[in-house]
Amino acid sequence: MNGSFAARLAELRAQIDEELRACGREPGSVRIVGVSKRQPAAAIAQAALAGLDAIGENYVQEAAKKFADPAVRELHLEKHFIGHVQTNKAKALLELFDVVQSVDRPDAARALGKAAAAAGRVLPVLLQVNVSPSERFGVAPAEAGALAGAVAAQPGLRLDGVMAIGPLGADRDQIARAFELAAKTFAAVGGSTLSIGMSGDWREAVRAGSTMVRIGTALFGGRSK
Ligand SMILES: *Cc1c(COP(=O)(O)O)cnc(C)c1O
């Protein structure tokens, strides 16, 4: 990739602000989470140095290894888990992450709630809502209210909003409609965070009301296999 991470981050922030102004929203009202899956620990260190303050990872083992790396260990980064929640990894998720964006079923809420209570913490979580036929995980929008209830029943969890993945390879209209459905579900569930938008679809997400985008390749470049 050309240029420095800092230059790409500045460019992305400027483009997002431009899109926000174009739809009558406040510049600076979208948070950027840098998605560092399958990027080396050194890339995370570089990102933090460039001023990125939040990163997302999809895999527990990979995150554990990179977060323990001397280049990353001391950094002040908010760590978001954006992968599939396995109930037997709840304790590890609590140890590694500040936020879990991908609660998609009552079992996951219960396991995380139990682990959070045992750790004496209140873990901020988002409901992962499925708005795309190409997406395997996520609660159906119609079931989101029931899942919100399961989260509310856990004193160790705090429900902050909704996360969704847009339909990959879909046309722009389909992407926009999927994000509108995510926004509607967010309005019903409540909270402060609507996490929608990735490298290829953040413009549609911002237009639909995104407050948080999760950006991998547009910031970090291509991923290793
Ligand atoms: C990989 C991933 C991203 C980032 O995708 P890019 O297209 O590289 O920006 C965002 N969210 C989730 C849940 C992901 O798995």
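Tutor: In this predicted model, rings of Phe, Tyr and Trp (its six-membered ring) pair if their centres lie within 6.5 Å; planes under 30 degrees apart count as stacked, over 60 as edge-to-face and the rest as tilted. Local features need pLDDT of at least 70 and side-chain atom pairs pLDDT 80 or more, while totals for chains, interfaces and linings use all residues. Residues are numbered from 1 along each chain as its sequence is written, and side-chain values use heavy atoms, without hydrogens and water.

Student: How many aromatic pairs does a search of the whole structure find?

Tutor: Ring pairs join Phe67, Phe81 and Phe97 into a cluster. Over the whole structure, the number of aromatic pairs found is 3.

Student: How are the rings of Phe5 and Phe220 arranged, stacked, edge-to-face or tilted?

Tutor: Phe5 is buried at a relative accessible area of 2%, where buried means under 20%, exposed over 50% and partly exposed in between (1.4 Å probe, protein chains only). Phe220 is buried as well, at 10%. The ring centres are 5.1 Å apart and the planes stand at 55°, so the pair is tilted.

Student: How many residues apart in sequence are the parts that Phe5 and Phe220 tie together?

Tutor: Helices (H or I, at least four residues) and strands (E, at least two) are DSSP runs, numbered from the N terminus. Phe5 belongs to helix 1 (residues 5-22) and Phe220 to helix 10 (residues 217-220), so the parts tied together are apart in sequence by 215 residues.

Student: Which residue forms a salt bridge with Arg31?

Tutor: A salt bridge requires a side-chain nitrogen of Lys or Arg within 4 Å of a carboxyl oxygen of Asp or Glu. Arg31 is partly exposed at 27% relative accessible area. With the closest N and O atoms 3.0 Å apart, the partner of Arg31 is Glu78.

Student: Why does the pair of Arg31 and Glu78 tie together separate parts of the sequence?

Tutor: Glu78 counts as partly exposed at 27% relative accessibility. Arg31 lies in strand 1 and Glu78 in strand 3 (residues 78-81), so the pair ties together parts whose separation in sequence is 47 residues.
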